Amino acid sequence: MLATPGLTALKDPAEARRVLLDDALAGLELVRGVDGPIVDVGSGGGTPGIPLAASLPEREVTLLEAERRKTEFLGRWRDELPNLHVTWGRAEEQPSETFGVAVAKALAQPPVAAEWCLPLVGEGGAVILWVGPSADLEAVARVAGKIAGELIESPPGFAVIRKSGPTPAGFPRRPGVAKKRPLA
Ligand SMILES: C[S@@+](CC[C@H](N)C(=O)[O-])C[C@H]1O[C@@H](n2cnc3c(N)ncnc32)[C@H](O)[C@@H]1O
């Protein structure tokens, strides 16, 4: 990781393990409970997607990352993990309803992350967001309700959204719009 400056600000190995690995695996059973290919949106240095790919070798895992330099680092993991794929691009510009599960950690404010992730999953799939204690889950629920999603009971530290129907017309909105004009 140190070979690619800027991937993470973490310097202490114990803290890095907690933030990059243990936190990622806290969501393992939630992800395992929803079928289909997995996308880690805004994968950055590879969390939670790489630990999930290593733990779920029978599932296809795509790391989607907007910054090209980071995708070059992520691509190095493909030799170790044959179920891993790396895509350079923005969530808002990907084909809709391609995945069973979209996961995201520290991608954006949770309502924005929900808007970016929901179009990526098909009906019956789920978005699983790693969220902090101050996350506005009511706003997440309002956003979800506008994109055929339903925020369901979620363990602490997570917002789990079920995709309950097809993505409505008009989504995803153009890059930049979700942050500039949030749905909630
Ligand atoms: C703060 S980092 C978090 C990285 C990692 N998930 C973690 O928890 O350490 C957010 C990442 O999301 C990427 N990103 C931001 N907006 C994005 C978008 N619309 N689509 C895909 N990636 C995006 C950024 O380039 C950055 O690498």
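Biologist: How far is the polar side-chain atom of arginine 90 from a nitrogen atom of the ligand?

Modeller: That distance is 3.1 Å. Keep in mind that this is a predicted model.

Biologist: OK. And how much of the ligand does the protein bury?

Modeller: On its own, the ligand would expose 600 Å², and the protein buries 80% of that.

Biologist: Which residues around the ligand are the closest?

Modeller: Thr47, Glu65, Lys70, Glu92 and Lys105 are the closest, out of 16 residues that surround the ligand. Two of those names come with distances. The side chain of glutamate 65 has an N or O atom 2.6 Å from an oxygen atom of the ligand. For lysine 105 the polar atom belongs to the backbone, and it sits 2.8 Å from a nitrogen atom of the ligand.

Biologist: How does that shell divide into nonpolar, polar and charged?

Modeller: You get 5 nonpolar, 5 polar and 6 charged residues.

Biologist: Thr47 was on your list. What kind of peptide bond joins threonine 47 and proline 48?

Modeller: A cis one, with omega at about 10°. Proline 48 itself is in the loop between β1 and α3, the helix at 49–55.

Biologist: Where else is there a cis bond to a proline?

Modeller: Go to phenylalanine 171 and proline 172: the peptide bond between them is cis, and omega is near -5°. Proline 172 belongs to the loop between β7 and α7 (177–180).

Biologist: New topic. Is glutamate 115 buried or exposed?

Modeller: Buried, because its relative accessibility is 3% and the cut-off for buried is under 20%. You'll find glutamate 115 in helix α5, which covers residues 110–117.

Biologist: So which side chain does glutamate 115 make a polar contact with?

Modeller: Arginine 173, at 2.7 Å. Leaving out neighbours within four places in sequence, glutamate 115 is also in contact with others, including Val143, Ile147, Phe171 and Leu183.

Biologist: Now the nonpolar core. Which residues of the largest one touch the most other members?

Modeller: Val41, Val127, Leu129 and Ile161, in a core of 27 residues. Several elements each supply at least two residues, among them β1 (38–41), β5 (121–130) and α6 (137–146). The largest share is 5 residues, and α5 provides it.

Biologist: Why would a protein do that?

Modeller: As a general rule, nonpolar side chains tend to be buried together in soluble globular proteins.

Biologist: What does valine 41 touch?

Modeller: Skipping residues up to four places away in sequence, valine 41 touches Leu64, Ala91, Ala102, Val103, Ala104, Leu107, Cys117 and Leu120. There's also a second, separate core of 21 residues, with Ile50, Ala53, Val61 and Ile128 among its members.

Biologist: Is alanine 106 buried or exposed?

Modeller: Exposed, because its relative accessible area is 75% and exposed means over 50%.

Definitions and conventions:
Residues numbered from 1 in each chain as written. Predicted model: local features only at pLDDT ≥ 70, side-chain atom pairs only at ≥ 80, totals over all residues. Heavy atoms only, no water. Near = heavy atom within 4 Å. Polar contact = N/O pair within 3.5 Å; in protein donor to acceptor, adjacent residues only side chain to side chain. Areas by Shrake-Rupley, 256 points an atom, 1.4 Å probe, with all protein chains shown as cover. Nonpolar A, V, L, I, M, F, W, Y, C, P; charged D, E, K, R; others polar. Helix = DSSP H or I, 4+ residues; strand = E, 2+ residues; numbered from the N terminus. Buried < 20%, exposed > 50% of the residue type's maximum accessible area, 1.4 Å probe, protein only. Contact = heavy atoms within 4.5 Å. Core = buried A, V, L, I, M, F, W, Y, C linked by side-chain atoms within 4.5 Å.
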